[in-house]
Each structure stands twice: as structure tokens, then as C-alpha cells.
Amino acid sequence: MSGAGLDVAVREQAELGEGPTWDPVTGRLIWVDIVAARVHTYDPVTGLRTVMATEQHVGAAKPRAGGGLVVHLRDGIGLYDPDGAFRWLVHDPEPGRRGNDAAVAPDGVLWAGTMRYDGAETGGSLSRIAPDGTVTPVLPVVACGNGIGWSPDERLMYFIDTPTRRIDVFDFDGEHAVNRRPFATVEEGAGFPDGLTVDADGAVWVALWDGAAVRRYTADGSLDRVVGLPVRRPTACAFGGADLRDLYISTARTGLAAPHPLSGSLLVLPDAGHGMPQTAFAG
């Protein structure tokens with residue numbers, strides 16, 4: 001277990017920090033605080049930070065191809081234009097449900113997971129949202145639609161339904177995800193798999209909620225590395241920086257009676273590996 005070199009990128013007390021995403025156009029790391037309804041950005045070169053309030057809980061924020069952001073909100077998918085103007089792409093409120101993690105596929109389409117506030121095991125879903133707002137249900141019944149990512153050759157898709165303790169893998173043809181099967185399972189007592197990212201070698205990095213660690217699984221599902229963390233609830237990870245070699249880790253302090261002082265901060269492990277460029281949302 002090694003977290004040697006771990007540093008603090010942004011010292012923050014986010015309640016539920018989530019979804020780090022590197023934007024190569026602006027050279028900034030984007031991440032959210034879900035329950036505080038905030039979208040954060042961080043420039044590792046200048047140290048400049050921004051914070052934008054959203055009107056609803058925000059599960060994810062990703063760059064758009066033409067500038068601005070696509071956001072996964074409580075009641076659907078919203079778009080922020082470069083000038084800050086907001087509009088709904090998909091408005092589908094359902095009482096007791098909110099948007100959770102999301103990721104942009106290689107073709108520029110958004111894949112978005114949902115969950116219920118009460119954690120009901122059948123209250124979430126995974127859907128595919130096209131740039132024109134067309135919604136295609138993929139998994140209509142999950143507990144907590146979470147980490148999503150694709151292999152370097154774009155033939156596999158990974159997905160986490162957190163309470164199952166599994167990282168699952170699908171065959172992917174560029175549009176459809178089929179043949180769901182377990183890729184790796186997190187053992188009892190090691191925490192729950194949350195957000196993930198896939199590196200240029202095809203290895204899957206997974207943040208372990210209540211596990212105080214990030215794990216790297218090789219492309220065949222073998223556990224390769226465990227990065228121990230001082231905080232109990234890491235939530236997601238992503239590679240960033242100009243050469244995509246630094247691993248950024250979002251964290252949470254929600255529900256902890258005595259959180260570590262760094263809980264809620266954005267952590268970084270320099271030169272952890274080599275990430276893949278992330279596609280911007282085409283809408």
C-alpha cells in the first residue's frame with residue numbers, strides 16, 4: 001500500500017466532493033460538491049480556483065465541445081453556455097431521486113447514473129443522453145449509478161453500482177453496452193467502489209468509499225496497486241495536468257462524526273500513471 005507523494009491540490013471542506021474531470025481546453029480540473037450544489041475548477045499551474053453555484057444538487061459537470069458545461073442535476077441534464085446562460089437539455093424530475101455520477105463516451109454522448117436520496121436498492125438507473133436530449137435507458141434498475149469509463153480501444157465499458165461492491169464490465173460497440181459481467185469485486189471491509197477512471201494501459205482506478213484508498217486493477221481485473229489515503233471517504237479519481245500523469249482524487253466529509261481535516265479536499269498523486277484524453281460532450 002503506497003500513497004507516497006500524495007499532496008493536497010485544493011484544501012476544501014466539501015460535503016460530498018465528486019467527479020474530478022480534466023478539461024484540456026482550459027487546463028483546469030473540474031469537480032463538484034453534490035449536496036452544496038457547487039461546481040469547482042482548479043488550475044494547477046496558476047493555482048486559480050473558481051466556484052459556481054447551481055440551483056440544484058449537482059452530481060457531475062463535464063466540458064462541452066463548444067465551451068461551457070453539461071451538468072447532471074437533481075431533476076435532469078442541464079447545459080451552461082460559455083457566457084453562463086443555463087437551459088435544460090433533459091428535465092425529468094422524480095421525487096426522491098437525484099443525478100449522481102456521469103461520463104462522456106468516446107462519441108461525445110453522456111452516460112449518467114441516478115440514485116435515490118434514501119438509498120433504495122431499486123431507485124436508480126443508468127441512461128445514455130444524446131446531444132439532442134434523446135434519453136435511452138440502459139439499466140433501468142440500479143441502486144447507485146456510479147463510476148463509468150471506457151477501455152483505450154473503446155471495446156469495453158466499466159460501470160459501478162456501489163452497493164454491489166463490484167466493478168462490472170460490458171462489451172461496447174460505440175453505442176451499446178451488452179454482456180454485463182463482473183470485472184473485480186471489493187472484499188467485505190475494504191470499502192465500497194465509487195468513481196473510477198481508466199488509464200492508457202487499460203487499468204481501472206477506483207476510489208473506495210469508507211475504504212480510505214484508491215485501487216488500480218489491471219486490464220485482466222487483477223489488483224495491482226493500493227494507494228492509501230488519510231481520508232476515509234474518497235469518492236472518485238481522474239488523471240489531469242498537461243501530460244495527464246497526475247491522479248486527482250475527490251473526497252467527502254458527509255456523515256462523518258469526526259472527519260479528518262483533509263476530508264472534502266481535492267487530493268493529488270503526482271506522476272501516478274498515464275491517463276487518457278477525455279471527450280467533451282457533443283451537445
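Ser125 sits in strand 12, which covers residues 124-129. Keep in mind as you look at it that this is a predicted model. Is Ser125 buried or exposed? Its relative accessibility is 13%, and buried means under 20%, so Ser125 counts as buried. Leaving aside residues up to four places away in sequence, Ser125 touches Ala112, Gly113, Thr114, Leu139, Pro140, Val142 and Gly145. With one of these, Thr114, the Ser125 side chain makes a polar contact through the side chain of Thr114.

Now move along to Asp168, which belongs to strand 16 (residues 166-172). Asp168 counts as buried because its relative accessibility is 1%. Its contacts, again not counting residues up to four places away in sequence, are Met157, Tyr158, Phe159, Arg180, Arg181, Pro182 and Phe183. Arg128 is 40 residues from Asp168 in sequence, and their C-alpha atoms are 17 Å apart in space.

| Residue | Partner | Polar contact |
|---|---|---|
| Ser125 | Thr114 | 2.9 Å |
| Asp168 | Arg180 | 2.8 Å |

Finally, have a look at a sheet. Strands of a sheet pair through backbone hydrogen bonds, in a parallel or an antiparallel way. In this model, four strands make an open sheet in the order 2-3-4-5, with antiparallel pairing. Strand 2 (17-23) and strand 5 (49-53) are the edge strands, each pairing on one side only. On average, neighbouring strands of this sheet are turned by 20° against each other, direction ignored. Strand 4 (residues 38-42) runs antiparallel to strand 5, and five bridges join them. Which residue of strand 5 stands opposite His40? That residue is Val51.

Technical notes: Residues numbered from 1 in each chain as written. Predicted model: local features only at pLDDT ≥ 70, side-chain atom pairs only at ≥ 80, totals over all residues. Heavy atoms only, no water. Pairing = 2+ DSSP bridges. Helix = DSSP H or I, 4+ residues; strand = E, 2+ residues; numbered from the N terminus. Axes fitted to C-alpha atoms, helices over the stretch in contact; angles between N-to-C directions. Buried < 20%, exposed > 50% of the residue type's maximum accessible area, 1.4 Å probe, protein only. Polar contact = N/O pair within 3.5 Å; in protein donor to acceptor, adjacent residues only side chain to side chain. Contact = heavy atoms within 4.5 Å.
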